[in-house]
Structures are given as C-alpha cells and as structure tokens.
Amino acid sequence: MATVTAPPARSSFREIISGRIKKRVLAKRGPLTPPFVLEYRHIFVLPTKFGWGFGVMLVFMALGGLNFNNNMALILVFLLATIAQLTTLIAYRNLSGLKIESISAEPVFCGEEANFRVFVSNGDDRQRFAVQAGFKEAQDCRDFKLNSSDSLLLKLPTLKRGWLDLPSFRLETRFPLGLFKAWSWIFPHTRCLVYPAPARKPPPLPKTGHGQTGLAVKGDGDEIHGLRKYQPGDSIQRIAWRASARHDELYSLEMESPREDACELDWDQLKGGDTETRLSILAAWVIAADHKQLAYSLKLPGTLIAVSKGASHRSRCLESLALYLL
Amino acid sequence: MKAKPTAMLDRRGTLWVITTLVISMLPQLISMPFHLVPITLLPIVWRLLAEFRKWKPMPIVLRILATAVAVAALVITYGGLMGRRAAVSMLVLMLSLKLLETFRIRDARVVTSLSLFLCGTQFLFSQGVPMIIYIIACLLSSLIAFMYLQRCEAFEILDKVPETDRNMLTELGFGAGLMALALPVGLTLFLFFPRWSSPLWGLPEDALDSRSGLSDSMTPGSIQSLFMDDSPAFRAKFEGGMPSNSDLYWRGPVFWDFDGRSWKVSYLSQNLLAENKPDPEKARFRYMVQMEPTEQKWLFALDYPALIPANTKLTIDYQLLASRPVTKLREYVMASDPGFQDSPVLKQTFLRAALELPQGFNPRTAEMMSAWRKEASSDTEIIQRALRYFNQQQFHYTLNPPLLSRHTVDEFLFDTQEGFCEHYASAFTVMMRMAGIPARVVTGYQGGYYSDIGSYVLVRQSDAHAWSEVWVRGSGWTRLDPTAAVAPERVEQGAVESLDQRRYMFDFEWLRNARNTFDLFQRGWNNWVVAFSSDRQSRLFSGLGWDFLSPARLVITMITIILIAGAVVFLLAPLLLKFRSSQKSDPLLRLWKKFIRKLNKAGFVSQPSMTATELAANANGQFKYKGDVIFRIAELYTLCRYSRGSGNQAELAELINRFKPGSMS
C-alpha cells in the first residue's frame, strides 16, 4: 500500500519513546476508528523541551533559596512548581472528551497533496484551546467553543497512485503555558484515492467514434426529437400547440442536441511506454474529454467503462486508472 | 510533535514579555546606580520601537558591541563583578540586551523564565511585605506572557491567531485562578519541604553590598544620612519591664581612633574579648531582637549585654560581633544589665588609645581645654563643665549643619555651633581627650517606636545615634550624651520628633504613624515567613507532635508520601475517571440498568441483545404483572432514547423507582 511517510533516518530517543507509546496504545485499545471519544487511556502528558528547561531553572532557584534559607524565593519556586504541575491536568482536560467524528479525504492526483479532514466535536461545556493535529510537526490548529465542531486538516504528499492510507497521527495541545504537552495517538482507517498524475503533454484525444458512439443529449437543443406529454415546468414556448389541439391534451416538444463526438480511450491505442506513462496519458485524456464535455469510454485490459459523461463517470474512470493492477 | 524552533513572536506576546521583564527588574532599577538605568532601559525602548516600526533584528556586530559597552559600564561602576547587587545588575542588563535578539518564541520564553529567576534574586535584598505585591505582579504577568506565547506558537502554522473569548481580563482571571489553586499546595510545600540547617555555600565576604546602616567608621554626615532612612533596623520584644526611653541606648560600633576628621574602630578592641560580663541572672532587661540584614557584623543590644548569641563574640568594649556579616533576618535572645561596671581598671594600652589625638588639629579647643584643666580640681568637674558648655552656649541641634573644613572641632565649637549628634559626640570626645580624660565614641541607636498592639519596640535607621563614653577612675566607662545636653528632647522623644523641620517633602507625622502601624504586618511576615527555617520547621513538627521528623526522616517521609500518593493516583484515577465518565455520560442508561437489575433480582433473565420492547414482552409474560407498567416503562425508555423531547424522563424515573417485581397479581 502506498503509505507515504519519510523513513526515519536515525531513531532518536524521542522516536523510540513515541514508538513505544504508540505500541502501548495499540495493544491496550486496538486500532480505534471514528467516531470515538478521547478518554484518559488515550491521553499522554509529558513536559515539552521548554518545560524541561523551566524545570531545571526551578531546581536552581530552589537550591539557592534553600541554601540562603530565602523563604520568599522558596515560595516563588513552590508556587511556580505547583502551577506547572496544575497545567498537566489542564492540558489533559483540554483533550479529554473531544470526539473524533469522522475522517474523510477527497481523491487527488498524484503529486498533489492529499487533504484529510478530521472532524472533531466538543460536546462538553468547556472550551478547548489550541488543539493541534499533525504527524511529526503540527499541521493544523483549532479552538473549540462549547458544543461546537470543526475540522482539522492533515496534509500528506502523494508519490504513487492508488490508495493512500492516513498513517497514525496525533492530536496534541500545549495549552495553557506550553510547559507540558498532552497528546493522543489516533489510528485511523481512512484512505485517500490518488489518481495517476495526468501527463503534462498528452497526445491529442483520439476521436474514433464520430457521431456514432456519442450520445444525443436530450433536453435543450436545436433539433426536435419528438413529442411528449406536457409536464409541469415545461417552457410555454415548447408546447406543441397544434398537436395539443388535436389531442385535447397538452404536448410539448422534446428537443435534443445533435449527437456529439464521442471518443474511445483505449489502453491498446497507446503503444509503447510503461504502465504508469500509459495510465497518466489516459488520465490526461479523461480530464481533457471531461473538460470538453465529450462523452467517452475507457478501455483497460480487463475493464471496460461504457460511453458516458459527467462527474461520476469521470470519477469512475479515474478510479479504475488509479487502481489498475493494484 | 515538534514545535518549530523558528516560530516568530506576535505583538501581544512581545508586549507581555517586555511587561514581565520590566516588572521583574523594577526593584533592581530603583536600587542600582542611577547612570546604569538608561543603559538598562535603552534596549527595551529599541525593542518596542522595533515592534511598532517593524524593524529587523539588530546585526550581531552591533549586539556584541552593545553587550561590551554594558559590561564595561558595569565593571567601571562596581569595580569588578563581585557582590550580589553587581551580579543581579549584570543579570538585568543581559536580559535587557537579550531583547535585542528576541524575535522568536524560544527566546521570548527564555527571557520570561529568566525574569522569574530575576524576581527570585530580588529576595536576597528584601523580603518585606511590599515584595508580596511584587511576587504576585511578576507571576501574573509571566503567566499571561506564557499563555500568549503558547497561543502564538500553536497557531503559527495558520499565520494568524484566531480571536477567542479570551481577552486581557479573562487571561488575568485565568492566571489568578492558577495562582489561587496553586497556593495551598505551594504553602504546604513551604512548610514541609525539608530545609537545610546550614548552608552548603555562603556568600563570599567581598560579595557584600554596601547598605545603609552603621559602619566601621564615622565621619561628619554619616549618621545624618541614616537619619533620612525610615527603614527598620531591628525590633525588640521585651519580657517583663520596658526600659524608659533614656535607657534605650542600643550599643553598636565603638570608635577609638581619630584622624582629625573621622573616627575608626580599633583593631585591638575588635579582637580582644571581654574579660567579664554581666550576670545574665541579674540582668534587668530581657528581650528578643529581630534584626534586619545589615551586611555588617554588629549585633545590637542595650548596655550592657549579658548574653552572647551563637557565633558571636563580645569584645572588650562590649560590642557584639557576629562571626559572619548579617545578610539575612537574624533573631537572638538578649539580656542587658544597665548597672554593670565597665572596666573599673583600665589597662595601659587602652588608656593610651583612649587619649590619643592627631597632631596639629583643633588648636583653639586644645587651648580652651588646657585652661579648663588648670582651673579644675577633678575630672568630673571638667566633664560637668563641658556638658554645661554645650547646654548654655547657643548650640543648635540641626539636620543641615554647615560644612566643616580642617579643624572640625574648632569650627564646630566656636564658629558654626550647629550640628547633629555625631558632631557633638565627636567634639565632646576630643575635648575630653585634650583634657586628659580617656574617652571614646559609641554609635548605635537611641530610642525606638513602641507599638502598643504588638508590644515591641521598633528601631529605625533614623534612630541612629552617637554618644561618648569617658573613663572615670572608680566607676569605669561612663556614658555621656552631649546631644542630650543640647537637645534633651532628642533622647526623650526621638530624633525625628525633636526636629521641627521636615526631613523631606513627604515627611508627615500621619505618614510616619501609618508606617509604624504597617510595621506590625512586616513583623508578622518576618515571624511567620521570612524567619522560617529548619529550626522553626522542627519546632512546628514538635508542636504538632511529630518529633520524629528530623530533616533526613522528613526527606524519606516526603518521598514515601509522594510514592504512595502517586501509586494511589495511578491506580485509582483510571477507575474514578471511568466511573465518572460513565455516570456523567448517560443518566437514561443508568435508569434502564436499574430497571433491569430489579427484574434480574426477581429472577428474570435478560439478554443483552433484547430490545426494550422485547424485554418488556418477555418480562410481562414471566411476571404476569398487573396493568402495563412494564410496557409503559419500555415505551417511555424508547421514547426518551430515540426521540428526544417526546419522552418524559422524570416519569420514567419515578416508574422505575416505584417498580417492584415482587408485587405480582
């Protein structure tokens, strides 16, 4: 499967720790799929780099205060330490109770960024601040008001066509002081369809089936196709008054556009070139045909998608290109 | 997730970081040499301008240059970088200079954290009650700065921090709330955190700072400058009888050596110990002294000290000298016997030292004294005559005496005739020596403010005083106060009250009274907070009946408590949280479960897969229940569960509560 994350060059201490935590979460809770609510078991709290530094400073201040028995300095240190400790709880509460509703992703072309939307809702009567989502680095951040929902955007680069699995990611917060981070690992079962990258300079569209395979389009047009019973909503100009007079019923004219050119996009037409090149040319053709509002059919070894047009046809064609031989 | 180290500061963050820094450096700004203040403030002003005019960070060369200039100014001012004031001034300057390159969140956090560190260092200089306001201001400001920095960092990826309902006031409230929540735990830590009974390292003696207070020399004007200072020197709480005001001579440095202008302590008298001292049993005054730090070694006691506090020596001229300078609040128990006879026999060395005068000074006084000597039949007569002289001539006790040049005593006695206590003491002692009577100058404090409520005597720096002692054969060293001969009210009412002029613009009596009342709080604060030490801690524990808590055991106990508490939290918290979340999540489900429990008790076997209606049908079949209560419950539950608003949950609750499966038809 086309899971695209940068390979870890060297596993640092931090990576080892986060790897262990991930494993633990998986072992304890199993892969979680939305919707689910973040609970105490999902949430981890550790000091940030700044938190460690601050702690070291507090230790030095405490040493000085103890040595000179300087009680006000000690009070300051103890207050700061307690406040820091309190923020762990606040950070935890900032995440706990958030509900991951769903995660979705629209198909993209290879080379574009895949956009995963993580829908999160806050059903509690407390606000959440600065909830971040991301992998190694934060990618998006949101505040959540009381009883509100919003989506966080996760972006992944796409390098291959096919399904792109959303890897495990983190919801994290450093609210309120940035001394501690509370985070949850999320193991989603969401994937994004990656279409082949369309060829930059594809050969011109093959126009094989002139006016034969193409479909006449009913509805508006210049040529009369036939008569049909009047239906509410038909234009008054289209009412066939003579025919209606003959039959005591209203008839309206049914119009159609002339048959269009249709094209057959055929794998076998593309001689030479490897699979990926052929697929990207086909993808470019699908896009071009769709852009010109032509009807087209797509023929791949083992697959035939009949002549049609429109958005859903386009998606179907591109999907079969994306998943070809996968 | 990694935070981006390059995240930039926004304006709000910058302003709060600067606010925190400025608040925390305020006390230092006030007490540092005046010319350093603009150097300290300049980088701050530059950074503010940079924020509003969108300037770029300063080039590194300029920053290094600015740092070099600042360090040079410091070295020139303090002569090297020793001393606490110098070190903290250095910290302040460096923090201020750090602002020149503070454009990123990481740097801003360093500056804010170190501002808190700076706040901690300020308590080396003062732990007075006003510092409580300072600590609160620093904490609040830094908390707000940290919050804004965190927000700025979190939303860095979005280019813009979204507006929320959090404004300045809510942030202030949030910070205050955090502090209020932290206070009980902080205070518990304060009381129970193991203290060190002796410091691991001390202040090097050359690291002391000059502080206002009596010192080891007396020149004209030195006590006068103290007179402007209303800060407390020490407090004394008497057991039993209070001495009268004319007995309140607090003995400090004793001066033997005169060089024509200033009086100095004698090496000999500083290092020889008193051969005998008053019997503590017979001492008339018993009291507890709480002394503010002076950076000097003298401890103060009434004449003549009968007790010697720990790490202190009693010199031959009855100065109490601590082995280390007093750098923090110090308390000691003291007893004094005013009737003690000091050196009935004077050794030759001291006799010579007490008569020595520099050559070529004060010829007019010398002439007058030799005339007096010829006319007098005894030492006592000369002494009386001298006191009468001060009393009858037109001498003025004044705060602004004219300046004196070479022959200080001559000019004072015959020309200006205006002076402060040190002028009188100095002139009188010189006169006595010229007449061949051994004499020395004693400095210390005289009088004090008696607080009725706290029943203690508060002695301020402005009570500093100088007097003379002459040695009279038979009765030994005798205290004589020439100032009292000129202005008896100085001794009876105190120095400040005896002057009819105001010392400075805001010197009002009501203000002084308010300050005297305020000192009650200061003393309480000193007693309960500042003086808290490992001794007090163990006294507290023994008061609570926890005598077994020695410092070492305290550490062990504390670690044990933390471990146990941690274990309890780790084991119980998940259960508690689970319990709470299940309870909180669904009251309806709880009701339903209760219903099923009641059915189960009566012998009904429910399957988890049953729907509410199925369950009702089965149960009704089994129990042959009168009416349709079971169906009604199931129906209500279904309504409440699946069509919000149409079911009456209160009715359901009542039905379930009243439901008794036992009451079958």
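Predicted model: local features only at pLDDT ≥ 70, side-chain atom pairs only at ≥ 80, totals over all residues.
**Exercise 1: a strand in chain A**

Work out which strands pair with β10(A), and in which sense.

*Solution.* Start with strand β6 (residues 128–134) of chain A: it pairs with β10(A) in the antiparallel sense, over four bridges. Here A:Val131 sits opposite A:Thr173 of β10(A). Next, take strand β11 (residues 180–186) of chain A, which is also antiparallel to β10(A), this time over five bridges. One bridge joins A:Phe169 to A:Ile186 in β11(A). Last, look at the hairpin of β10(A) and β11(A): six residues lie between the strands, and A:Gly178 has a positive phi near 85 degrees.

**Exercise 2: buried or exposed?**

Decide whether the residues of β10(A) are buried or exposed.

*Solution.* First sort the side chains by direction: A:Phe169, A:Leu171 and A:Thr173 point one way, while A:Arg170 and A:Glu172 point the other way. Then check burial, where the cut-off is 20 or more other C-beta atoms within 10 Å. Five of the five residues pass, so β10(A) is largely enclosed by the rest of the structure.

**Exercise 3: a helix in chain B**

Check the length of helix α14 (residues 421–434) of chain B against what its residue count predicts.

*Solution.* Just past the helix, B:Gly436 has a positive phi of about 85 degrees.

Methods. Residues numbered from 1 in each chain as written. Chains lettered and ligands numbered in written order. Helix = DSSP H or I, 4+ residues; strand = E, 2+ residues; numbered from the N terminus. Expected span 1.5 Å × (residues − 1). Buried ≥ 20, exposed ≤ 12 C-beta atoms within 10 Å, placed from the backbone. Pairing = 2+ DSSP bridges.
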